[in-house]
Amino acid sequence: MRKTLLTAALAATCLMTQAQSNPLYSEFTSTPHGTAPFDKITAADYLPAIERGIALGRENMARIVNNPEAPTFANTIAALEELNLDLDRALGVFYPLAEALSNDTIMEISTRVSPMVSEYSTSVNLNEGLWKRVQAVHDSSDTTALTPEQKMLLRQTYQSFVRNGALLEGDDREKFSRLQSRLSELTTLFGQNVLRELNTYKIWLTADDLAGLTESTVEAAAQAAREEGRPGEYLFTLDAPVYTAFMKNSDRRDLREKMYRLYSSRNTQGQYSNVEVLKEIAATRLAIANLLGYKTYADYALADKMAKTPANVYSLLHSLRDAYRPAQLAEIKELTEFATQTEGHPVELKPWDYSYYANKLRNARYSYDEEEMRPYFKLDNVIEGVFGLATRLYGVTFEKNTDIPVYHPDVTAFDVRDADGSYLGVIYTDFFPRPSKRSGAWMTDFKGQRILPDGTDSRPHVSIVMNFTKPTDTKPSLLTPYEVETFLHEFGHALHGLLTKATYGSLSGTNVKRDFVELPSQFNENYLTEKEFLDGFARHYITGEPIPAELVERLIASSQFGAAYACMRQLNFGLLDMAWHTITSPVDDPVGFERQALESVSIFEPVDGTLTAPTFSHIFAGGYAAGYYGYKWAEVLDADAFAHFKENGIFDPETARSFRENILERGGTEDPDVLYRRFRGHDATIDALLIRDGIKKDPVTPSPLTRKD
C-alpha cells in the first residue's frame, strides 16, 4: 500500500512539473560557471527530464542515421559525442544525488529510470543504421588525417558497438536487450538494498559498555543518542567510521563479536537480502558474455582493460599472494602471541580481534596511536593541506564560492584555477555521514569536460564524497590518518577530472581503462607518510602547534605495520570478484562458492552466517565487475610512479609537470601503457610496492608485470 501511494504521488508530481519550467530542460545559465541549480531542482523534475533527454537522443540518432551524406568522422563519430547532451545533463545531477542524498522517492525514481536508460542505451548500440555508419567510418582507409585522439575515439566507438551487441542478429538482439535491462534493474536493487539495510542498524549501549573506546567515539555516540531523543544512552551504527573505531578500541570482546557479525551478515536474509539478487546478477552477466562470444564475463570485461585477460589478472593476484603470504602468516603469529601475553591466557584470534590487537601492538611497538594524531588533523587544516598539495605540485588553487548552489548544507563548492589564473572547474566537497548517503567514499562529476563545437573548453564540475567523523558540540571534525589518506585518494580522482585536456567528453578525465583509473588517486596516498607534506598543515586544533616530529616519525615507522594483512585483504576482494565473474554456469550455493574462492587467501576461518558478496557494491552495483583487481594493479603503478618522485624529490617541478601532462591531462586519449611509459620511461614493476611495504628490503633487478597479450 505504501509503495502504491508513493507511486501515485510521484506520478502526480511528475505531471505537475511537466506543465512548469523544469531547470533540467536546458543548460544552466543562471549560476556561476553553469553549475547545477540545486536550489531549484526538485525530485519531481528528474523523471520528465530523463524521459525528455531520451526522446531528444532518439531524434538526434535519427538525424545521424538519415544523414544523406557519406559517413565521416565528423558527421557520425563526433556527432555521437553530442547525442545525449540533454540526457547527460539530467543524469549528471540525478545519479550522484541518488547516492549522496537519497530517499524513498529518489529510490523509486532510480528503479524506474534504470531500465529505461538501459533500454535506450541498448537501442542506440543495436541501431542497425547507426552501426553501419560507424562501421563504414571504421573500415575506411581515409583515417590518416585524424589526430591520435580522434583515432582513439573512433576505435573506442567501434569497439563499444561491438561489445554491446552490434554484431548480433535476429532473436539474439532482442535477448541481449532483455538481459541488459534486467541487469540494470538488478544492480540498482542491489545498491538500494545495501543502503536501506545499513540504515536499519541502531545499536544502543550504556556507559557500562564503553570500555576502551576513545573520547571522540563516545562523544559522537552520545550526541547521536541525544539527536534521537535518548540522552544518557549511546547510539552506534554500522557506518564505516563508527564501526572501524569501535572494532579498533572496544575492550569488550563480546560486543566486538556482535558488531562484526552484524556488519558481516548484512543483506544475507530478510527484506533486504541480496543473496538471490547477486546470483542473478552473475548469471545475467554470464549470459551476456556468452551471447557476445566470450567464455566468461571476465573475458568480456577485461578485453578492453589494461590487463587484457583473466590469466593476466590471476598472474598478478597470485604473485602478490605468494609474495605476501609468508609475511601475513608471521604477522598473525606475532599478533596471537601478543594477545596471549596481553590477556595472560591463550587467545585464539577471531576476525573481530584483529583490529583491536593490531591497534594495541602497533601502539606498543611504535607508541603510535591514531587517536593521539586526531588533534593535528582538524578537517579545515586537512582541506588546506590536501588542496595545497595540488598547489605545490601543479600550481592549482581553490577558492570557496558561496554563490554556487549546493545540494546539502554540509556541501561546499570551490572554484579551481590554474597557476596562470585560468578557470579549471568546480569541486564540491561532501564530508559527513547521513542516512541519505551510502557508506564509503567516492569521486563523481556533475558535468564532464569537453570542447564545444564553437571551440569553447567546457570545464568539469566534480565532487568528492566521504563519510568522516562528524563534528560534535564541543569538537570540530578531527580525522584519523586513515581518513586523511581517504581524502588524498578521492582528491587524486578529482584532479584527474579537473586537469583534463581532451577534445571529447568520453575520453576526458577519469574516462580511462578501469584498471588505470586508480593510479592518480593511489599515487596521492603516498604523501601521507611524507614529513615534508605533513609539516605544511598538520597543526593542533587548540594550540596551533605543528605536529611533533616524533609523532610523524612514529607514523612513518608504523606505515608498514600490517601491510601483509592489508594486501591479503585486498586480494581477498579481488579473487572473490574474479571468481564470480569467471563462472561458466550459474552458482547455486553462494556460501560454499565464496569459501572455496577465498581458501588460498583466507586470513581466518569463515564465520557462520557471514558473507562478503551480498554487500560488495563495487562489483554488484558499481562499475568494478571483474575489475576490483584494479586497485592492486594500480597500486603497482602508483608505487612505481612515486619511486620516480622519490628519486627526484617528492615536489620536484619537472617530475610533477611530467605526471600532470602525461597522466592527469591525457585522460583516455591514448592507451595507458603508452602514457605510463612516457612518464616513467619503462613499464611498472612490482618491486617498488614490495619495498614500500617492507616485503623486500633490498632493491632487486626489475621484473615487469607479466602480461600475455
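Predicted model: local features only at pLDDT ≥ 70, side-chain atom pairs only at ≥ 80, totals over all residues.
Residues are numbered from 1 along each chain, and side-chain values use heavy atoms, without hydrogens and water.

Back to the pair: α4 covers residues 85–100 and α5 residues 104–125, and they pack at about 140° with axes 11 Å apart. Axes here are lines fitted to C-alpha atoms over the stretch in contact, with angles from 0 to 180 degrees between N-to-C directions. Helices are DSSP runs (H or I, at least four residues), numbered from the N terminus. On the α4 side, the contact (heavy atoms within 4.5 Å) uses Leu87, Leu91, Phe94, Tyr95 and Ala98. From α5 come Ile106, Ile109, Ser110, Val113, Val117 and Tyr120.

Now hop along to α12, residues 275–291. Its 17 residues reach 25 Å from first C-alpha to last, close to the 24 Å expected at 1.5 Å a residue, with that span counted as 1.5 Å times one less than the number of residues. Is α12 mostly covered or uncovered? Mostly covered: twelve of its 17 residues are buried, meaning under 20% relative accessible area with a 1.4 Å probe, protein chains only. Among them are Val275, Leu278, Lys279 and Arg285. The buried residues of α12 pack against α8, α13, α22, α23 and α24. Just after α12, Gly293 takes a positive phi of about 95°.

How values were computed
Helix = DSSP H or I, 4+ residues; strand = E, 2+ residues; numbered from the N terminus. Buried < 20%, exposed > 50% of the residue type's maximum accessible area, 1.4 Å probe, protein only.
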